[in-house]
Amino acid sequence: MKWFHIHFKEEDLSSSSDERLIKEFINLTHLLHHPDELGLYQLKFRVEDGQVMYLSTPDVYAYKIKSILAHFPATEVSNPNLKVLKLIIGKSVK
């Protein structure tokens with residue numbers, strides 16, 4: 001499984017970049033028939049300079065996720081602390 005960190009700055013939020021990511025992610029989950037471990041998460045708290053989201057994906061779909069994330073401020077990361085994340089869309093990691 002792969003994880004991606006997306007940090008939206010205030011200017012990204014004012015241009016609705018976060019909403020575009022959510023729409024694209026919803027479309028992808030429908031296209032892939034809602035696989036396990038494909039999830040979009042948000043920090044349970046706001047950061048000072050914007051908003052942080054995380055995306056989990058099975059390895060087999062990583063290339064599809066990377067094509068979506070190419071348009072957003074995203075980086076691949078190791079497993080985040082799930083206790084500070086809230087699942088927004090998809091299926092939670094077990």
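Colleague: Why does aspartate 36 count as partly exposed?
Modeller: Bear in mind that we're looking at a predicted model. Aspartate 36 has a relative accessibility of 44%. Buried means under 20% and exposed means over 50%, so at 44% aspartate 36 counts as partly exposed.

Colleague: And what makes lysine 91 and aspartate 36 a salt bridge?
Modeller: Their side chains meet at 3.6 Å, N to O. The cut-off is within 4 Å, so 3.6 Å qualifies. This pair links distant parts of the chain: lysine 91 sits in the segment after strand E5 (85–90), while aspartate 36 is in the loop between helix H2 (17–31) and E2, 55 residues apart. Lysine 91 is partly exposed too, with 36% relative accessibility.

Colleague: How many salt bridges turn up in the whole structure?
Modeller: The search finds four. As for the general idea, side chains of opposite charge can pair when their charged atoms come close.

Colleague: Are lysine 9 and aspartate 49 buried, exposed or partly exposed?
Modeller: Lysine 9 has a relative accessible area of 35%, and aspartate 49 has 32%.

Colleague: Which residue does glutamate 76 pair with in a salt bridge?
Modeller: Glutamate 76 pairs with lysine 66, their closest N and O atoms being 3.8 Å apart. That is still within 4 Å, so the pair counts. Where do the two sit? Glutamate 76 is in strand E4 (residues 74–77) and lysine 66 is in helix H3 (residues 62–69), ten residues apart. Glutamate 76 is partly exposed at 43%, and lysine 66 is partly exposed at 42%.

Colleague: Which residues are linked in a network of salt bridges?
Modeller: Lys2, Lys66 and Glu76.

Colleague: Why is aspartate 18 called buried?
Modeller: Its relative accessibility is 13%. Under 20% means buried, so aspartate 18 goes in that class.

Colleague: Where is aspartate 18, and what does it touch?
Modeller: Aspartate 18 is in helix H2. Leaving out residues up to four places away in sequence, aspartate 18 touches Phe8, Asp12, Leu13, Gln51 and Met53. Asparagine 81 is 63 residues from aspartate 18 along the chain, and their C-alpha atoms are separated by 21 Å.

Colleague: What makes serine 16 worth a look?
Modeller: Serine 16 has a positive phi of about 65 degrees although it is not a glycine. Most residues other than glycine have a negative phi. Serine 16 lies in the loop between helix H1 (10–14) and H2, and with a relative accessible area of 27% it is partly exposed.

Colleague: What is the phi of glutamate 37?
Modeller: It is positive, about 70 degrees, and glutamate 37 is not a glycine either. Glutamate 37 lies in the loop between H2 and E2. At 30% relative accessibility, glutamate 37 is partly exposed.

Colleague: Now the whole chain. How do you know that its radius of gyration agrees with that of a compact globule?
Modeller: For 94 residues, a compact globule would have a radius near 12 Å, and this chain has 12 Å, so the two agree. The C-alpha atoms fill a box of roughly 35 × 25 × 20 Å along the principal axes.

Colleague: What pattern do the helices and strands follow along the sequence?
Modeller: There are three helices and five strands, in the order β-α-α-β-β-α-β-β.

Colleague: How much of the chain counts as buried?
Modeller: Of the 94 residues, 40% do. The accessible surface comes to about 5500 Å², and carbon and sulfur atoms account for 52% of that surface.

Technical notes
Residues are numbered from 1 along each chain as its sequence is written. This is a predicted model: local features need pLDDT of at least 70, side-chain atom pairs count only at pLDDT 80 or more; totals for chains, interfaces and linings use all residues. Side-chain values use heavy atoms; hydrogens and water are left out. Helices (H or I, at least four residues) and strands (E, at least two) are DSSP runs, numbered from the N terminus. The radius of gyration is taken over C-alpha atoms; the globule rule is 2.2 Å times the number of residues to the power 0.38. Buried means under 20% relative accessible area, exposed over 50%, partly exposed in between (1.4 Å probe, protein chains only). Accessible areas come from the Shrake-Rupley method with a 1.4 Å probe; for residues, only the protein chains shown count as cover. Contact means heavy atoms within 4.5 Å.
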